[in-house]
Amino acid sequence: MKNKIIAGNWKMNKNQAEAEKLISALKPLVKDSKNTVIICTPYLDLEQAVCLTAGTNIHVGAQNCHWAESGAFTGEVAPSMLKEIGVEYVILGHSERRQYFGETNQTVNARMKAALEAGLKPIVCIGETLEERNSGRMQEVLATQIKEGFEGIDEEQLRRTIVAYEPIWAIGTGVTATNKQANEAIGFCRSQFEELYGKDEAQKLYIQYGGSMNAVNAAGLLNQPEIDGGLIGGASLDAEKFSAIVEAYKI
Ligand code: PGA
């Protein structure tokens, strides 16, 4: 039986002093969990987060990385730079990056390949807008995000990758997908991975749900058979709330 992977996406929150406080509070609260716990912090908090979580069951991730190894890309960070300071994971293709920073399935794909090459584990985000869902295009959108986003990714690379299904209408809105909606959409995503990689690989793949997951709704979502974890925004900024999500599923 799979454990769950619970990742916090801090987004652009927490300076170093606040990050230290949050991590110190979180450590004892999640130390006995059999689930995988990841915190994805702003770049400037990463090195400190790696130091503070050394020897604990908390893993550290970034929220983006570039597709090039180095070069004239002002403001960007190379995957090898993250790897060098001990970062293990990296969120890629979050809907906020797609919406505000021009991220496409193609750029997500390029970043994913570079991240994997550098030895990072990508957490690749996909998800539909409310308009796409209501007009019956959800499956088409998800299928395209998967097909284009995972172009050229082989089975071995897929095994080092996590997918986060995040319906855009549920992110930061307080409107969570119902257990059934989330389970069905993730089941559909898995069927697409099955077509590309076969049943065995698709079953092994971790697909998280993200979008207003909190201490109250986490148990219901995490107990759905298709849902392998959560990507948590707002509720990951508070140690008690985040640890309650981590503790909501016991293996
Ligand atoms: P939320 O964010 O939990 O605040 O809805 C989730 C995410 O954007 O990853």
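This is a predicted model: local features need pLDDT of at least 70, side-chain atom pairs count only at pLDDT 80 or more; totals for chains, interfaces and linings use all residues.
**View 1. Lys2 and Asp228 bring distant parts of the chain together.** The two form a salt bridge (a side-chain nitrogen of Lys or Arg within 4 Å of a carboxyl oxygen of Asp or Glu), and their closest N and O atoms are 3.0 Å apart. Lys2 sits in the segment before β1 (5–9), while Asp228 is in the loop between α11 (218–222) and β8 (229–232), 226 residues apart. Helices (H or I, at least four residues) and strands (E, at least two) are DSSP runs, numbered from the N terminus. Lys2 is partly exposed at 23% relative accessibility, but Asp228 is buried at 3%. Here buried means under 20% relative accessible area, exposed over 50%, and partly exposed in between (1.4 Å probe, protein chains only).

**View 2. Glu128 pairs up with Arg133.** Look for a gap of 2.8 Å between their closest N and O atoms. Both Glu128 and Arg133 are buried.

View 3. Asp200 is exposed, at 52%, and Lys204 is partly exposed, at 43%.

**View 4. Zoom out from Asp200 and Lys204 to find a network of salt bridges.** Glu155, Arg159 and Glu201 are linked in with them. Across the whole structure, the search turns up 18 salt bridges.

**Notes.** Residues are numbered from 1 along each chain as its sequence is written. Local features need pLDDT of at least 70, side-chain atom pairs count only at pLDDT 80 or more, totals for chains, interfaces and linings use all residues, and side-chain values use heavy atoms, leaving out hydrogens and water.
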